[in-house]
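This report goes through one structure part by part.

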Amino acid sequence: MRSTLGVLALACALALTATVTQAAEKDSANASRASHDSTVRTRAGRPDLSGFWDLSRTQRPDAGLVAKLPANTVLLEDTGATEFPPGEFGGLKVKPDALAAAHRWKPEDDMTVSRACQPPSIVYATQGPFPFEIHQGTDLIVFKYEYFDLVRIIFMDGRPHPPADAPHSKVGHSVGRWEGDELVVDTTHLSAATITNNGLSHSDRVHVVERFKLSPDGGTLMSTMWFEDPEVLENRGARYIEWTRKPGEYVYPYECDPSFGSKYTQAK
Amino acid sequence: MKTLLRRVFLVTFLGGATVALAHHSFAVFFDPERIISVTGKVTEFQFRNPHGEIGLEVQTKDGRTETWLVETNAPSFLRRRGWTRDSVKIGETLTIEGWAARDGKHYMRLRKATRADGTVIGVPLDANFDPEKED
């Protein structure tokens, strides 16, 4: 009896020790993960996206962000320097009129004084490689792009988009909200501009939704930019774009000089 | 979509600073497979967006004079590679290595500019950059 009780006691002690050990290990693991989450946060507790962001050399599509893309979406593989040749649109299914216009496009048409300084919209302007700054407040977040000096205001105060006939621009009208630690930005009122820089353009009815997420160490800003345009596309498109934070750097003024547009025609 | 999730995009930076356009498409205007070298006297230097430009007066082997236009990347990228507005002087001789225009014009996109004394202006783009070998 004594030996049986002793064995039982030992077994209980061992089981209890194992349980305590497992709990301690779990707490340690949680503490370890927590200590590795060095995300800088604002006073409101949101991830602080402020800073200078440069296109990351390596793009590693974040599974969580990509999974949230709506159905019937193709992920374009032209982030950064990659460019589609004429007639290639990365899987976008283009409606006939827009396709015909794309086929009529001649690259030299853009090399004129009147067009040399026409910026693209955010649909193409943000795919790289130019850097940008984010200045984050509570009710406003400002994106200041080096590319063509574009500046976006993201309204975070819950306001809706303006009426459809409100002015359109290359940066459009953006409203944002937080979904946990992800910034979701919805943009309308973009004026027509290129999607893939090879003749395919979106209309002024394009709708864009972006999701931004910081890496746990706060050094990488991951995003998807999704767009739909029923006037131009049968399906939807998206890009995954990732940037690296570089403290101490700033965007340079772009200050486009349209005289560049006359140079190409001068070459023989 | 699943394929893309497993795949890491290696952005074609060609040496840390992209040759991608500021505006017009590099792939449409220039042949990425054809790198040429031209030596000439600088006749102009424009350091402005969307692209800087260097004009060269080139003497051919048969005694003719050709005018070449060299397009650079956006000055903001050039600055980050060590260029300034004063990097190129009118009248100096430069050897420019870069990508030839697809249409055969005397027009090219700069990869590397070397002075007559052998010094390289700024940090050149690496024509041998292999994104598959980058982490």
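In the predicted model shown here, strand β12 and strand β13 (residues 236-245) of chain A pair in the antiparallel sense over 8 bridges. Strands, like helices, are DSSP runs numbered from the N terminus: a strand is a run of E with at least two residues, a helix a run of H or I with at least four. Two strands pair if DSSP finds at least two bridges between them. Within this pairing, T224(A) stands opposite Y240(A) of β13(A).

Strand β12(A) also pairs with β11(A) (residues 207-214); the two run antiparallel and are joined by 8 bridges. How many of the 9 residues of β12(A) are buried? The number is 8, so strand β12(A) (residues 220-228) is largely enclosed by the rest of the structure. Buried means under 20% relative accessible area, exposed means over 50%, and partly exposed is in between, with a 1.4 Å probe and protein chains only.

## How the model was read

Residues are numbered from 1 along each chain as its sequence is written, and chains are lettered from A and ligands numbered from 1 in the order in which they are written. Because this is a predicted model, local features need pLDDT of at least 70 and side-chain atom pairs count only at pLDDT 80 or more, while totals for chains, interfaces and linings use all residues; side-chain values use heavy atoms, with hydrogens and water left out.

## Two cavities

Rolling a probe the size of a water molecule over the atoms shows where empty space is left. On a 1 Å grid over the protein atoms alone, a cavity is a set of points where a 1.4 Å probe fits but cannot get out, and lining residues have an atom within 4 Å of a point. Grid points are joined across faces, edges and corners, and a volume is the space filled by probe spheres set on the points. The whole structure has 2 cavities of 30 Å³ or more.

The largest cavity holds about 50 Å³ of space. Its lining includes T126(A), Y145(A), E210(A), F212(A), I241(A) and W243(A). Each of β11, β12 and β13 of chain A supplies at least two lining residues, and β12(A) gives the largest share, with 3 residues. The lining divides into 5 nonpolar, 3 polar and 1 charged. Here Ala, Val, Leu, Ile, Met, Phe, Trp, Tyr, Cys and Pro count as nonpolar, Asp, Glu, Lys and Arg as charged, and the others, Gly among them, as polar.

The second largest cavity holds about 30 Å³. It is lined by A125(A), T126(A), G128(A), F130(A), F132(A), Y145(A) and W243(A). These residues divide into 5 nonpolar, 2 polar and no charged.

P247(A) is in the loop between β13 and α5 (260-266) of chain A. Is P247(A) buried or exposed? Its relative accessibility is 72%, so P247(A) counts as exposed. The C-alpha atoms of P247(A) and F130(A) are 16 Å apart, and the two residues are separated by 117 residues along the chain.

A disulfide is a covalent bond between the sulfur atoms of two cysteines. In this model a pair of cysteine sulfur atoms counts as one within 2.5 Å. The structure holds 1 disulfide over all chains; C117(A) is joined to C256(A), with an S to S distance of 2.0 Å. The link is left-handed, with -85 degrees about the S-S bond. The pair connects distant parts of the chain, 139 residues apart: C117(A) is in the loop between α3 (96-104) and α4 (122-125), and C256(A) is in the loop between β13 and α5.

N198(A) lies in the loop between β9 (193-194) and β10 (201-202) of chain A. N198(A) counts as buried because its relative accessibility is 1%. A polar contact is a pair of N or O atoms within 3.5 Å; within protein, one must be able to donate a hydrogen and the other to accept it, and residues adjacent in sequence count only if both atoms are side-chain atoms. The side chain of N198(A) reaches the backbone oxygen of P85(A) at 2.8 Å, and that of E88(A) at 2.9 Å.

T194(A) belongs to strand β9 of chain A and is buried, at 15% relative accessible area. A polar atom of its side chain lies 3.4 Å from the backbone nitrogen of T196(A). The side chain of T194(A) also reaches the backbone oxygen of L200(A), at 3.2 Å.

Terms used:
1 Å grid on protein atoms, 1.4 Å probe; cavity = no way out; pocket = protein on both sides within 12 Å on 5 of 7 lines; lining within 4 Å.
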